[in-house]
Amino acid sequence: PTRRSSDLWKTDAQSKPVMEATLGEALQEETHGIRDLKTARQLSTYIITERGKREAQQGEHDDRLIAAMIAHRIMEVVRPPRAGKRKRATWTAQDDVTGY
């Protein structure tokens with residue numbers, strides 16, 4: 001079966017606040033890495049509506065910002081092991097000539 005991108009990462013009422021918080025932490029720590037001016041501009045037009053929904057102001061977009069939120073959340077969830085924590089391979093000589 002073919003997967004749709006919406007099946008891979010859902011942005012629903014449960015996942016969106018977590019993604020917002022993850023990007024919010026990165027913004028506070030200045031580790032967000034946002035260099036694109038259009039994405040940065042979307043930060044200034046992302047609001048909480050009267051109904052309590054978080055989205056772009058009317059006439060604006062939040063697609064780049066949502067993509068940045070998803071990327072930061074994925075980086076948080078699928079973080080590679082930190083350097084220095086890896087177990088080093090130990091080699092034992094099997095052959096006197098080659099050392100392997």
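A pocket is an open set of grid points with protein on both sides within 12 Å along at least five of seven lines, and its lining residues have an atom within 4 Å of a point. The legends below describe a predicted model.

**View A. Lining of the largest pocket.** Thr22, Glu25, Ala26, Glu29, Thr31, His72, Met75, Glu76 and Arg79 form the lining. Two elements, helix 2 (15–29) and helix 4 (63–77), each give two or more residues to this lining. Helix 2 supplies the largest share, with 4 residues. By class, the lining comprises 4 charged, 3 polar and 2 nonpolar residues. The volume of the largest pocket is about 180 Å³.

**View B. Crossing of helix 2 and helix 4.** The axes of the two helices come within 8 Å and cross at roughly 85 degrees. Angles of 65 to 115 degrees count as roughly perpendicular, and helix 2 and helix 4 are therefore roughly perpendicular to each other. On the side of helix 2, the contact is made by Lys16, Val18, Met19, Glu20, Thr22, Leu23 and Ala26. Helix 4 contributes Leu65, Ile66, Met69, Ile70, His72, Arg73 and Glu76. The contact contains 8 nonpolar, 2 polar and 4 charged residues.

**View C. Salt bridge between Glu20 and Arg54.** The side chains of Glu20 and Arg54 meet in a salt bridge, with an N to O distance of 3.4 Å. Glu20 belongs to helix 2 and Arg54 to strand 2 (residues 54–56), so this pair ties together parts that are 34 residues apart in sequence. In total, the structure holds 4 salt bridges.

Methods:
Residues are numbered from 1 along each chain as its sequence is written. This is a predicted model: local features need pLDDT of at least 70, side-chain atom pairs count only at pLDDT 80 or more; totals for chains, interfaces and linings use all residues. Side-chain values use heavy atoms; hydrogens and water are left out. On a 1 Å grid over the protein atoms alone, a cavity is a set of points where a 1.4 Å probe fits but cannot get out, and a pocket is an open set with protein on both sides within 12 Å along at least five of seven lines; lining residues have an atom within 4 Å of a point. Grid points are joined across faces, edges and corners, and a volume is the space filled by probe spheres set on the points. Ala, Val, Leu, Ile, Met, Phe, Trp, Tyr, Cys and Pro count as nonpolar, Asp, Glu, Lys and Arg as charged, and the others, Gly among them, as polar. Axes are lines fitted to C-alpha atoms, for helices over the stretch in contact, and angles run from 0 to 180 degrees between N-to-C directions. Angles under 35 degrees count as roughly parallel, over 145 as roughly antiparallel, 65 to 115 as roughly perpendicular and the rest as oblique. Contact means heavy atoms within 4.5 Å.
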